[in-house]
Amino acid sequence: MSMKKIVSDRVRRGTLRLLVLSSLASEMCIRDRLRSLARDGYIIIQERDGKKIYSLTDKGVKKVEEIKIEIESLFTRDPLKRRVIDLLFNIGLTVHINRKKIDDKVLNQLITDLEKCMALVEEAIKSKGEKTVTQV
């Protein structure tokens, strides 16, 4: 198994753990989230033998597929897009691994450099006549 595969699997598992733990730690517990999913039509809640059974509706199945497509697009096979995503991931991983060694001066320099990089990305997209969409 390649190192990239191991890392991407860990990221996926870590993300799921974070979501579950965040749900438990927040004021809104999982039960409330499930009720919200039921209210939105993604799941149905039934009671059988004194136990609650949660099932996906057709709308829920469709939503899961949409989310899978979004996640899979992060792990694209297109070599150029893959290279961009790998570089961005490796930047984040390198900063994370070395976080105890990095002082505020280095962090400020990284922020400045990454803001410049973001401006270049936006400029490249705009030069193709496309409007940039950023996630902040």
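Which helix or strand supplies the largest share of the lining of the second largest pocket?

## The second largest pocket

The largest share of that lining, five residues, comes from α4. In this predicted model, local features need pLDDT of at least 70 and side-chain atom pairs count only at pLDDT 80 or more, while totals for chains, interfaces and linings use all residues. Residues are numbered from 1 along each chain as its sequence is written, and side-chain values use heavy atoms, with hydrogens and water left out.

Both α4 (79–97) and α5 (104–127) supply at least two residues of the lining of the second largest pocket, helices being DSSP runs of H or I with at least four residues and strands being runs of E with at least two. Among the lining residues are Lys81, Leu88, Cys117 and Val121, and the lining divides into eight nonpolar residues, no polar ones and one charged.

## Threonine 57

Threonine 57 sits in the loop between β2 (51–56) and α3 (58–74). Threonine 57 counts as buried because its relative accessibility is 16%, where buried means under 20% relative accessible area, exposed over 50% and partly exposed in between, with a 1.4 Å probe and protein chains only. Leaving aside residues up to four places away in sequence, threonine 57 touches Gly41, Tyr42, Ile43 and Ile44, a contact being heavy atoms within 4.5 Å.

## Aspartate 49

Aspartate 49 belongs to the loop between β1 (43–48) and β2, and although aspartate 49 is not a glycine, its phi is positive, at about 50°. With a relative accessible area of 81%, aspartate 49 is exposed.

Conventions
1 Å grid on protein atoms, 1.4 Å probe; cavity = no way out; pocket = protein on both sides within 12 Å on 5 of 7 lines; lining within 4 Å. Nonpolar A, V, L, I, M, F, W, Y, C, P; charged D, E, K, R; others polar.
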